[in-house]
Amino acid sequence: MANDNYDVIIVGSGAGGGMSAYHLTKSGLKVLMLEAGRNYDPRVETPMFNTNAEAPLRGVGTPDKPFGFYDATVDGGWQVPNEPYVVAEGSEPFIWWRPRMLGGRTNHWGRIALRFGPLDFKPYSRDGLGYDWPISYDDLAPWYDKTEKLIGVSGAAPARNLLNTPDSPDGCLMPSAPPRAFEIFYERAFRKMGIPVIPMHGAVVTGQMEGRNTCLFATPCGRGCAIGANFQSTTVLLPPAMATGNLTITTNALVYQVDLGKAGKAKGVTYVDRKTGEHHSVTAKSVVLAAGSGETARILLNSKSSAFPNGLCNTHGMVGRYLMDSVGTGVTGQFPSMEGLPPTNDDGQGTQHTYVPWWGYEKQKELGFARGYHIEIGGGRHMPSMGMAGLLPDDETSVGDDLRAKLRNRFGSTIGFDGRGEMIPNDDCYCEIDPVAKDKWGIPVLRFHWKWGEHETNQAAHAVKTFLEVIDTLGGKPMGEVETEGRKAISKGGEMIHEIGTVRMGHNDTDSVVNQYGQSWAVPNLFVMDGAVMVSSPDKNPTLSILALAWRSADNMATLAKQGAL
Amino acid sequence: MSDAPEPYVSKIDRRTALAWIGVVGAAAAVGAGVVVYGPIKGGEPVRRGYGTDPKLTKPEKAPWSRIMVPAQLQTAAILADFILPASGAAPAASTLGIPDFIDEWVSAPYPDQMGDRPVILNGLNALSAKVLKADATGRSAALKALQESTDPASQKFWKKFRKLTIGAYYTTDAGFKDIGYIGNVSRTSDPGPSPEVKAALEREFQKLGL
């Protein structure tokens, strides 16, 4: 491997790394992909149809598997063994989800694949807050089209022309499965409130698609998919990239440094083998960082040289800055009207079949916060878990037939409403290298700083109020204690696992680290193709946009390579 | 005692049983496929979890040693069957191995389960004296008293044990049948809810003024 002449080294194999490898290898470039985690094959490792009773502790989450035993995540979660991170003293909480597996977080993600809208790319122009992107929706739209057609996205519907909620052109999406009982039910409340409910865009193949299997409408997507019916880098992007003969993948390779060569260009990277502890340097004509926003920033900040004493591309102190996440908050309700319905198979297509896009763009001044949130809504008669007793009130003590009847009656009668909202970047949210802490191999680790702004906490309070109104309209009651104060109701930083924006793109080297194609201003053959390049954090979940941006950037990079410009 | 409940016999599989025998040196195989096991005697107990990369498609049994003693297991069986006794086609909790699951839970080396451990074990110890040697009337009275208890420790034990029993029961195939879960089957399409379900929803919408 060391002697191969690679055109490109790609660090990371998730959405950004997978997509860039897909396009660059198909463009004829020789690519070496370095993945920090182990090899992973969803075809043989996915626990399709396993029941909770087959798992230790009935599958509940533990520190070893925080999202439950069957969650696809390998060797990771909120903590990765031997790879600590630090949250600065005085910071609000921040947590960082990392897997260590081929395909990264695309193996377990929620498959919600919403496009950013036109307003999302120009937020500063609209309300004077945050920053504008150097590109517009129209620049990315063709790449959204291509991405949706490649990865398989459901949610086709007649165009609605809702503000900042793009309709995909005909032919991009497949139809969603019909709304389930709970989705029919909640829609009626939103209809009364004048709020639209529309098909979710989910990265699941729900119809005929060449070269892909169709969803089995069973078994949760978060486990991964053995038949490749949902989008994972490991089933959709890496196999065709491998088939070109141009892709070499090295796993357990934790990259920690970009190596500089003559004339200020990147000559390769250095990594530690997580299994052997050996350090290796590899070379290529160009380097793509797609390790995830945190790791990508960490690699740059740890790549110090006389030319870049504070980290590569960090002359203006911007690497690690503008760290963002989504605003998260949720309330669950229990609904007598949903009790006792005839048994129905509500397993569905993995993602929600419908959702509520943000509806308040024209009411921002009266709302007391800028930007907004969409609502992801879960319910139905899903496979029972250890939480079954939660269907009943806490002071309920029945046993025997009485207990059986109550559980049977309430099964499927709860609905959870979750807001996912935009965060405006602020000066208090960033990551840097901790001066003391190091990982197992002596590599300095990240220290995070976090503080939600008032726009976010006000938004969270609004979301809770909205959910309570919907629950009341539907004759239900909220379950558990509901926190109505925004600062208490809001999620922890990083908790939505949408951390983005540490190496943002912009117009020039004083306002950003990379250009609109992810090409760094300081090192012309060094590119960033993950969520780190994002300038704002719209309410729409970022993965589809990471994919589309990576494809657009990789296409530009392939053109530069052909021109000999790298 | 003629009215004593049948002694609880663990429902763990033989392979696991043999593994445990190897580990704890205290279990005794009882015929094929079932085992009665006792407290740890000799050998080091296994306290590790399943790790961050367990095999998911065919999960191995939780690796940690079990800590419940026979009296606690027998009491757990009585209490689990008080919460969910057999009813029609639905089996009693003990026949689904719920006491073994309680043992797996309280023995686990994870924070939540370790937090539950003293609650469950102390509760079982307190209850065992009242149910194991009592006659049917005494046993019934003790269980009823626990169900209606108002002192914080008993209430906490009751809620926790009941919650674990319900969760463990309804995550089994028998539990699926009892509660009406009909998913986890491969389908070529998702047709959505039946006309019957839609009609029921419409009736509810009328009541709600929607």
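How many of the eight residues of β11(A) are buried? In this predicted model, six of them are, so the strand is largely enclosed by the rest of the structure. The legends below begin with the sheet that contains this strand.

**Figure 1. Open four-stranded sheet of chain A.** The strands of the sheet follow the order β13-β14-β11-β17 in chain A, and their pairing is antiparallel. At the edges lie β13 (373-379) and β17 (477-478) of chain A, each of which pairs on one side only. Helix α10 of chain A, formed by residues 454-473, packs on this sheet and touches β11, β13, β14 (414-421) and β17 of chain A. The direction of α10 makes about 15° with that of β11(A).

**Figure 2. Strand β11 of chain A and its two partners.** Strand β11(A) comprises residues 327-334. Eight bridges connect β11(A) with β14(A), and the two strands run antiparallel. Within this pairing, Thr329(A) has Gly419(A) of β14(A) as its bridge partner. Two bridges connect β11(A) with β17(A), again in an antiparallel arrangement. Here Gln334(A) stands opposite Lys477(A) of β17(A), while Gly333(A) stands opposite Pro478(A) of β17(A).

**Figure 3. Helix α12 of chain A.** The helix spans residues 543-562, 20 residues in total. From its first C-alpha to its last, α12(A) reaches 28 Å, close to the 28 Å expected at 1.5 Å a residue. Of its 20 residues, 14 are buried, and α12(A) is therefore largely enclosed by the rest of the structure. Gly564(A) follows the helix and has a positive phi, near 75°.

**Figure 4. Secondary structure of chain B.** Chain B contains eight helices and two strands. Along the sequence, these elements occur in the pattern α-β-β-α-α-α-α-α-α-α. Chain B has 210 residues, of which 38% count as buried. Among the contacts in chain B with a separation of 6 or more, 55% involve residues 24 or more positions apart.

**Figure 5. Packing of helices α4 and α6 of chain B.** Two packed helices are described by the angle between their axes and the distance between the axes. Helix α4 (residues 111-131) and helix α6 (residues 152-170) of chain B pack at an angle of about 105°, and their axes are 9 Å apart. Such an angle makes α4(B) roughly perpendicular to α6(B). On the α4(B) side, the contact is made by Asp116(B), Val119(B), Ile120(B) and Gly123(B). Lys156(B), Phe157(B), Lys160(B) and Phe161(B) make the contact on the α6(B) side. By class, the residues of this contact comprise four nonpolar, one polar and three charged.

**Figure 6. Contact between chains A and B.** In this view, 63 residues of chain A are in contact with 55 residues of chain B. Helices α5 (181-192) and α9 (400-410) of chain A each supply at least two residues of the side of chain A that touches chain B. That side of chain A consists of 34 nonpolar, 15 polar and 14 charged residues.

Notes: Residues are numbered from 1 along each chain as its sequence is written. Chains are lettered from A and ligands numbered from 1 in the order in which they are written. This is a predicted model: local features need pLDDT of at least 70, side-chain atom pairs count only at pLDDT 80 or more; totals for chains, interfaces and linings use all residues. Two strands pair if DSSP finds at least two bridges between them. Two residues are in contact if their C-beta atoms, placed from the backbone, lie within 7 Å. Axes are lines fitted to C-alpha atoms, for helices over the stretch in contact, and angles run from 0 to 180 degrees between N-to-C directions. The expected span of a helix is 1.5 Å times one less than its number of residues. A residue is buried if 20 or more other C-beta atoms lie within 10 Å of its own, exposed if 12 or fewer, and partly exposed in between; C-beta atoms are placed from the backbone. Angles under 35 degrees count as roughly parallel, over 145 as roughly antiparallel, 65 to 115 as roughly perpendicular and the rest as oblique. Ala, Val, Leu, Ile, Met, Phe, Trp, Tyr, Cys and Pro count as nonpolar, Asp, Glu, Lys and Arg as charged, and the others, Gly among them, as polar.
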